Amino acid sequence: MLCRKNSSVVDRGNVPVYLNVYDLTPINGYAYWFGLGVYHSGVEVHGIEYAFGAHEYPSTGIFEGEPKQCEGFTFRKSILIGKTDLGPLEVRATMDQLADKYKGSSYNLITNNCNHFCDDTCMKLTGNPIPSWVNRLARIGKLFGNTP
């Protein structure tokens, strides 16, 4: 587990909120050191990891699972984003609020991916964003693409 080096981190409670980061490709082993890489991420709170993925249906793409065990990805690191005062039921209510924006059919690698979901979730739970390097490749892609 790593702690944020950002001195402006806000603590809103006593329940830790972690960003769990996974490698999508073995090339990340090298690209990471250059500030690049392709990552999947999930938000861990109250012993549950919440993440977002694509599917073809207009229902939520938010799913939950065992922390640091997201199938199909290689766990890289866990980063303490901050703390929340929300209980488990309030966290689930937050996921319900995010469900409209994060439908499986709305997933887009550049503009609406798992890292965007994690950033929105961490902001709602802690007031703190995820580290910028986690979604850097999507931001670079948006600069060169024709996406909205």
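L36 is partly exposed, with a relative accessible area of 34% (buried means under 20%, exposed over 50%, partly exposed in between, with a 1.4 Å probe and protein chains only). L36 sits in the loop between helix 1 (28-31) and strand 3; helices (H or I, at least four residues) and strands (E, at least two) are DSSP runs numbered from the N terminus. Although L36 and R136 are 100 residues apart along the chain, their C-alpha atoms are separated by 6.8 Å.

A word on what you are viewing: this is a predicted model, in which local features need pLDDT of at least 70, side-chain atom pairs count only at pLDDT 80 or more, and totals for chains, interfaces and linings use all residues. Residues are numbered from 1 along each chain as its sequence is written, and side-chain values use heavy atoms, leaving out hydrogens and water.

L137 belongs to helix 4 (residues 136-144) and is partly exposed, at a relative accessible area of 37%.

The structure holds seven aromatic pairs (ring centres within 6.5 Å, using the six-membered ring of Trp; planes under 30 degrees apart are stacked, over 60 edge-to-face and the rest tilted). One of them is F52 with Y107, a tilted pair at 5.4 Å centre to centre and 40° between the planes. The pair links F52 in strand 4 (residues 48-52) with Y107 in the loop between helix 2 (88-98) and helix 3 (114-126), 55 residues apart. F52 is buried at 1% relative accessible area, while Y107 is partly exposed at 26%.

F52 also forms a tilted pair with F117, at 6.3 Å centre to centre and 40° between the planes. This one connects strand 4 to helix 3, across 65 residues, and both F52 and F117 are buried. Together, F52, Y102, Y107 and F117 form one aromatic cluster.

## The largest pocket

Now to Y107 again, from another side: Y107, L24, V38, Y39 and L109 lie nearest the centre of the largest pocket, among its 20 lining residues. Strand 3 (39-45), helix 3 and helix 4 are the elements that give two or more residues to this lining.

Notes
1 Å grid on protein atoms, 1.4 Å probe; cavity = no way out; pocket = protein on both sides within 12 Å on 5 of 7 lines; lining within 4 Å.
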